[in-house]
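I opened the notebook to look up charged side-chain pairs.

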Amino acid sequence: MTTKLNRRAFVSVISKSSAIGFIAPAWIGAESQASHVFLTKPYLQNPMANAMTICWITAKPSHSWVEFQEVKGGEQRKAQAVVLGLVVANNTMHRITLRNLKPGVTYRYRVCSRELQMFKPYEKTFGETIFSDFYQFTTPDPSNREVSMLIFNDIHDRPLSFGQLMKLNGTDPFDFVFLNGDMFDYQESEQQLIDHLIQPCTEIFASEKPFLFVRGNHETRGKFAYHLADYFENINNQPYFSFTRGPVHFIALDTGEDKVDDDVEYDGLAAFDVFREEEARWLEAELQSKSAKEAAFRVVLMHIPPFHSGDWHGTMHCRKLFSPLFEKYGVDMVISGHTHRYGVHKPQEGHSYPIIIGGGPKEGNRTLIKLKANERELNLSMLADTGTEVGTYRLVARKRK
């Protein structure tokens, strides 16, 4: 399989992975689209204490729903997407939110899609209904005072890296995964999203553990970049967002492109300075929120680091807008990627907070970042793809003013 994409030529990769666990015929690539099949397994998004969003893709337009129930008893329930009184149908990208869930409870679910063969105003014809296997997820529990997460960055269209890096975690439990930008070189098609992110992630975790995703600069490029939000759902449905897990208040920033807006490569179609300026106004309000103030730790996740990333426009603009706010409101750590050079940068002149930068896409330089925290301390470990630990950092909870 060809897994590497250069910056100028996209090579389509059709996954040959099996569909173990599906009742219906599988998602087996573009050749399957003549049949009513799943093109992806379900993947979890936007985890909340009382809700979970489940996404999947079918080859044919369908009416879809999710069947679910508590693992430890409880009646079976059904959820479907409804917009302004209309049940969503005749679509291939399915995104359904399960609501009124209980915090810290494990649920069993499967996704179901009924082919919609004809859709006329007063006449509809349905075909076969296909069902996925059953999966499980556990909702976040706000009373839990610990958190464990895994962070990937700069995969750059190398889908095998997900599984190879995940093996470094062994059997160590984790709550969720964070994708910290540049999962792709640029966006060309839905099939690229399936083959290079959704399929490898569902094979190893995403049907039972949710992931959150912020753009890197490469996610802003290509004709399909405009459609990314259709396939992923972040907290509050925003490109930048915050959430609290255990003792940590996380802030996820979208750092946008790294070149100036009027760079010739953008052909007048970039306006990231204004985007980041709006984001900075949101960030200041967010850092003054009750959740941020009361958290034992405040951790920022952002693709382009504000320091140790050269002097390109993206870095300098992030430094100008965001770093003064990090200093003013006492951010404890920034975790980034972008440079393709892993490193742990301790507090120093320019920034009083540590900056952790994950590695790049090439074999020998890839990294998996593991973060664990309780009310007393936060521990970060960065593993190279050789299995060697190449960075650590420990924070001790401090009293907030």
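I call a residue buried under 20% relative accessible area, exposed over 50%, and partly exposed in between (1.4 Å probe, protein chains only). The model is predicted, so I take local features only at pLDDT of at least 70 and side-chain atom pairs at pLDDT 80 or more, while totals for chains, interfaces and linings use all residues. Residues are numbered from 1 along each chain as its sequence is written, and side-chain values use heavy atoms, with hydrogens and water left out.

Entry on Lys-259. Lys-259 is buried at 8% relative accessible area. I found its side chain in a salt bridge with Asp-258, 3.7 Å from N to O. The term needs a side-chain nitrogen of Lys or Arg within 4 Å of a carboxyl oxygen of Asp or Glu. Asp-258 has 7% relative accessibility, so Asp-258 is buried too. Salt bridges link both into a network with Arg-221 and Glu-257.

Entry on the count. I get 16 salt bridges by this rule.

Entry on Arg-110. The side chain of Arg-110 meets that of Glu-67 in a salt bridge, 2.9 Å from N to O. Arg-110 sits in strand β7 (residues 106-120) and Glu-67 in strand β2 (residues 51-70), so the pair ties together parts 43 residues apart in sequence. Strands (E, at least two residues) are DSSP runs, numbered from the N terminus. Both Arg-110 and Glu-67 are buried.

Entry on Asp-385. I noted a salt bridge from Asp-385 to Arg-366, 2.7 Å from N to O. Asp-385 lies in the loop between β20 (377-384) and β21 (389-396), and Arg-366 in the loop between β18 (355-357) and β19 (367-373). Asp-385 counts as buried at 17% relative accessibility, and Arg-366 at 9%.

Methods: Helices (H or I, at least four residues) and strands (E, at least two) are DSSP runs, numbered from the N terminus.
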